[in-house]
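Opening my notebook on this one. I want to jot down what I look up, entry by entry.

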Amino acid sequence: MSRILVADGHEVFTASDGERAMALYREKQPGLVITDIVMPGQEGIETILTLRRDDNPVKIIAISGMDAEMLDTARLIGADDILEKPFRAHDLVNRVRALGEAPLASP
């Protein structure tokens, strides 16, 4: 995913688990967070809940290939969009752009 978004002109920061993702979020303050529902440590649902505390305006896309029902839950608790794996590169790019995250520069 990061290669796809970098190729589209976005700055991307990656984390291997929800706890690291939250630390990175606090440091970088991105406008969009893409979280997998199933992750080691802090999972995606908890990450979304943490991000939504205090009316945080960050845009969130939740992804999963294992549990479509959890994607519905993710949307209910604050994800702005969801993507079910597998998805195509253009689907990811279109969802990111639809949330107002324009590329930093033309690809």
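Predicted model: local features only at pLDDT ≥ 70, side-chain atom pairs only at ≥ 80, totals over all residues.

**Ser64 and its surroundings**

I looked up who touches Ser64: beyond its neighbours within four places in sequence, Ser64 is in contact (heavy atoms within 4.5 Å) with Asp36, Ile37, Leu71, Leu83, Glu84 and Lys85. Residues are numbered from 1 along each chain as its sequence is written, and side-chain values use heavy atoms, with hydrogens and water left out.

Ser64 sits in strand S2, residues 59-64. For the element names, helices (H or I, at least four residues) and strands (E, at least two) are DSSP runs, numbered from the N terminus. Is Ser64 buried or exposed? Ser64 is buried, at a relative accessible area of 1%; buried means under 20% relative accessible area, exposed over 50%, and partly exposed in between, using a 1.4 Å probe and protein chains only. I also found a polar atom of the Ser64 side chain 3.2 Å from the backbone nitrogen of Met66.

**The sheet**

Next I checked the sheet that holds S2. It is an open sheet of three strands in the order S1-S2-S3, with parallel pairing. Two strands pair if DSSP finds at least two bridges between them. S1 and strand S3 (81-84) are the edge strands, each pairing on one side only. On average, neighbouring strands are turned by 20° against each other, direction ignored.

How many bridges join S1 and S2? I get five, in the parallel sense, while S2 and S3 pair over four bridges.

S1 has four of its five residues buried, so it is largely enclosed by the rest of the structure.

**H3 against H4**

I then looked at helix H3 (residues 44-52) and helix H4 (residues 68-77), which pack at an angle of about 5° with axes 10 Å apart. That makes H3 and H4 roughly parallel to each other, the cut-off being under 35 degrees. H3 brings Ile45, Ile48, Leu49 and Arg52 to the contact, and H4 brings Met70, Thr73, Ala74 and Ile77.

Why call H3 largely enclosed? Because seven of its nine residues are buried: Gly44, Ile45, Thr47, Ile48, Thr50, Leu51 and Arg52. The cover over them includes helix H2 (18-28), strand S1 (32-36), S2 and H4. Just after H3, I noted that Asp54 takes a positive phi of about 60°.

**His10**

Last entry. His10 lies in the loop between helix H1 (2-7) and H2, and at 12% relative accessibility His10 counts as buried. The side chains of His10 and Asp8 are joined by a polar contact of 2.9 Å. A polar contact is a pair of N or O atoms within 3.5 Å; within protein, one must be able to donate a hydrogen and the other to accept it, and residues adjacent in sequence count only if both atoms are side-chain atoms.

Definitions and conventions
Axes fitted to C-alpha atoms, helices over the stretch in contact; angles between N-to-C directions. Parallel < 35°, antiparallel > 145°, perpendicular 65-115°, else oblique.
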